[in-house]
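Subject: Handover of a structure and the findings

Dear colleague,

Please find the structure below, handed over for your studies. My notes on what was found in it follow.

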Amino acid sequence: MNRIETDVIIIGGGATGAGTARDLSMRGLRCVLIEKNDIASGTTGRNHGLLHSGARYAVKDHESAHECMRENKTLRKIAWHCIEDTGGLFVTLPEDDPGYHRLLLEGCRYAGIPAKEISIRKALQLEPNLNPGILSAMTVPDGTIDPFRLTSSNMLDAKERGAIILTHTRVSSILKEGSKVSGVSCITKNGDVIEVMAPVIINAAGVWGQEVCAMADIKLPMFPSKGSMLIIDYRINGVVVNRCRPPADGDIIVPGDTVSLIGTTSKEIPYDKIDDYTIDDDEIDILLSDGEKLIPNVKNTRALRAYCGVRPLVAVSGEAEGRNISRGIVLIDHKERDGLDGLITISGGKLMTYRLMAEKTSDLACKKLGVKKKCKTHKVPLPGSESRFSSGRTVKRFSGIPDSVVGSTFYRHGQRLRNIMTGEKKNYRLICECEMVTEGEIEYAIKKLDVKDLVDLRRRTRIGMGPCQGELCAYRGAGLFHEYGGTTPEGSVELLHDFLEERWKGIRPVLWGDGLRESEFTYWIYQGLFGLSHVNNKKKKKG
Amino acid sequence: MIYDCVIIGGGLAGLTCGIRCAEEGLRTVIISGGMNSLHFSSGSIDLAGFTENGSVVKKPFEYIKGTAAKKKEHPYTRVGIPTIRKSLDFFKEKIFFEGITLNHNSDYNHFHVTAIGAVKPTYLSQESVFSSRGKDIIKSGAKIAILNFKGFRDYYPEQTAANLKQHPLFKNSELILGDISLPYYLHTEKNLHEFRSTDIARIFETERYLPRIADEIKRAAGDADAVSLPAFIGINNYREIRGKLEAMTGKFIYEIPTLPPSILGLRIDHAVKNSFFKHGGEYIAGKKIESSVITKGIVESIITGSRGTSSEIKAKYYVLASGSFFSGGLQSGVSSISEPVFDLKVKGDSKRSKWYSWNFFDKKSHPFLSYGVETDSSLNPSTQDGKTVKNLFCAGSVLAGYNPVKEGCGGGVAISTGYKCAERIIREIKK
């Protein structure tokens, strides 16, 4: 059994956990982050990737709106390589209450969000695909943010500052000494047991935080609320389009990378269903029909996949329902709440406020440890965003390599491009042609970014996220996974199997039209041509 | 002008049908939308590979005979064993004249090795995949070198070796790995590491490179008796290239199909097309059929179109061999399955959640793969109102009632139904 001594244990590798690891490392503390799956594999990676201006909350929740706007400005500075400054629109449809427009403008002004009313003509110029029948429009400083890149960058920075990251490792018990926590015992994917000892444990497990607390015999009821989203092939809008009405299902279309995304539904689910990411047909119908109202072109596009995330809403008091529960930040010192010293829970909030949540949590952890260092995460840029220079100039530096290849890598990894675009010509070849992922990028991810399987690799590089959903690149990725020492050859075929099964989960709910054609082709290749499930693998036969 | 026979779809089914019709002197035209599925097939013809519960079929004809009685809707039941046999013999003979030899293991299935090292049953294979010599080499437990073209991104031989080692067939074989490369090809403008199988096939087709390639193979394979390469030893004159390479290296050369484009499949595609042309067939590529006119159960004409222009094509008989969903022979809406050219009656559930299985590699496969056009026993379909269309026949994967991947029977069904349609038309015309 391995034993690690550290200052702080963080449970959960979402944006908040990664942000906390970074924050603490920057303050000179040693920390170990334990994640049962992969970083950003839970709620963090399952949202719509909106860089909120806060306008969505401006009418009902001024505090959240203000927080969003402040973090929006900060993230643009420290994480520009994860962000695209698309701008956002709020538009009123003929069937919506026209008075909400005014209400929203006022709310924005109050929260310090620079919302500006614009003419319908101007709105259509900004976003030509918009429904021309809208009644009013305003611009807000929305943008898009890639949650995978953001989390990965935080993690990379923490690691470079000495933090230990254990992904695919599950906490099995919380160790206590009297009324204080003393560490955790955890199990890796291979079944090895590791004991991590620390005086402070941060529960940043989001909606799974209820289980973490239960290990310390503490009750922390969560009210899981499921949000489903639909990804459509091709980027049909350049600007984030919001529907100007009180928060409801299907009221936003976010462009992101090469696709657009229609969000979101909100549905209460029982706690025992939080790991069952099933999307119902009626949710798909709602998203499609409401998306079509904002951008009529939605009906001509192909649905690429659907997915859902579970919001970590904590029931601080009494009963609560989906959209009405506060989405504010919940920071709990379990010494005060339950008399257990050293355990902190951070929950609620949203991707936008991850840094702020990490700051507050780190402040509390430092207080407990008697450390008097201040937070610097809002000032120091993340790896990849170190200094700002134009992608045009960067692309020029790599003559002989297609601009699109350099551009895509720069877009995803910012300045860390330098660590990727090196060496021989083989490193520049495209492995995933939809998303322009090169072999160099895959090598970098496998060696530097804690990638344990092909699904993790997808989160770091976007391999297999394009229109074909991994038709050819899944196989290549598996082959390279072995080549770069990530697994055995047999293991790489199993990873390929698991990757395609994982892709299928998102395709299944939208299996019609071109999506079905593509799936038929993928099935022909991997089952027909390769005989993936006919591989004579002893391990698989046992299972 | 009125054709004797218009075939919609230029895949294995349509081409087999076309060759047979053209051979009989019928005025035959094939209208094709684009590439066919041979471009991403193994290049072997599967007849019946797996039983209902997924175990391997040893003797395909016997198996078909046994299950035929149970499955009335299965295309094989419509065709019948004698015609299946006849169609395969016909097919083999036709492409033999175009430079492709297809071998079979008398009435038994044989195996072919896939890129990831799975071993799959099939019935007809090119000699680089199955031959009696190859069979003996594997049986004798010879040393086999599994080689790759250095930097080729569409094949990873380590996977082949690792999974083959666990297979009983290869338990006595020693498997080694190696790379071959052609240094002077590195000075190309194109990134060599992005070459596809077709690019490399062209290198093999260049006669003056062969001695160098042979030297490379000898170096990489050492004292191995047999060499496996990803399939790229030429498309058009492959029999000759392989013969020369075997003579120069003194080693048996085996081929493994890789990611598309599949060279093994391309060879078959070229061969059947050439055969069709030689028999006087007409081939229109890149056309989409937009609509059709059916009156009183008889197809009057079909309307083709591309880039805004459209034209009418008339024939005495029509064959629908337009493939399944991927090729556009079948269409799926949010909750409907349809056949777009003639709006024929199709078999398929109207509830989308019934189309698929929960897991991608589910043992039961996916129901949508066996959806398609319903026909009567002479392969005549019917329109939505239940009326049989008498001068229209259906062949290949547009047909309902079988799952080509799960049963391992795609090639066999395409060839035999295509042949059967041709026989029906020939009989009608000669009346």
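In strand S3 (residues 31-34) of chain A, Cys31(A) and Leu33(A) point one way, Val32(A) and Ile34(A) point the other way, and all are buried; buried means under 20% relative accessible area, with a 1.4 Å probe and protein chains only. In a regular strand the side chains alternate between the two faces of the sheet. Strands are DSSP runs (E, at least two residues), as are helices (H or I, at least four), and both are numbered from the N terminus.

The model is predicted: local features need pLDDT of at least 70, side-chain atom pairs count only at pLDDT 80 or more, and totals for chains, interfaces and linings use all residues. Residues are numbered from 1 along each chain as its sequence is written, chains are lettered from A and ligands numbered from 1 in the order in which they are written, and side-chain values use heavy atoms, leaving out hydrogens and water.

S3(A) runs parallel to strand S2 (residues 8-11) of chain A, and four bridges join them; two strands pair if DSSP finds at least two bridges between them. Ile11(A) has Ile34(A) as its bridge partner in S3(A). Between S2(A) and S3(A) the chain passes through helix H1 (residues 15-26) of chain A, a right-handed β-α-β crossover: with the strands pointing away from the viewer, the path from the first strand over the helix to the second runs clockwise. Three bridges also pair S3(A), in the parallel sense, with strand S10 (residues 164-166) of chain A, where Ile165(A) stands opposite Leu33(A).

In chain B, four strands form an open sheet with parallel pairing, in the order S8-S7-S9-S10. Its edge strands, S8 (174-180) and S10 (252-256) of chain B, each pair on one side only. Strand S9 (residues 226-230) of chain B is joined to S10(B) by five bridges, and Ala226(B) stands opposite Phe252(B). Helix H6 (residues 157-165) of chain B packs on the sheet and touches strand S7 (143-149), S8 and S10 of chain B; contact means heavy atoms within 4.5 Å.

As a whole, chain B has 12 helices and 19 strands. Of its 431 residues, 61% count as buried. The C-alpha trace of chain B spans about 70 × 45 × 40 Å along its principal axes.

Yours sincerely

Notes. Axes fitted to C-alpha atoms, helices over the stretch in contact; angles between N-to-C directions. Buried < 20%, exposed > 50% of the residue type's maximum accessible area, 1.4 Å probe, protein only.
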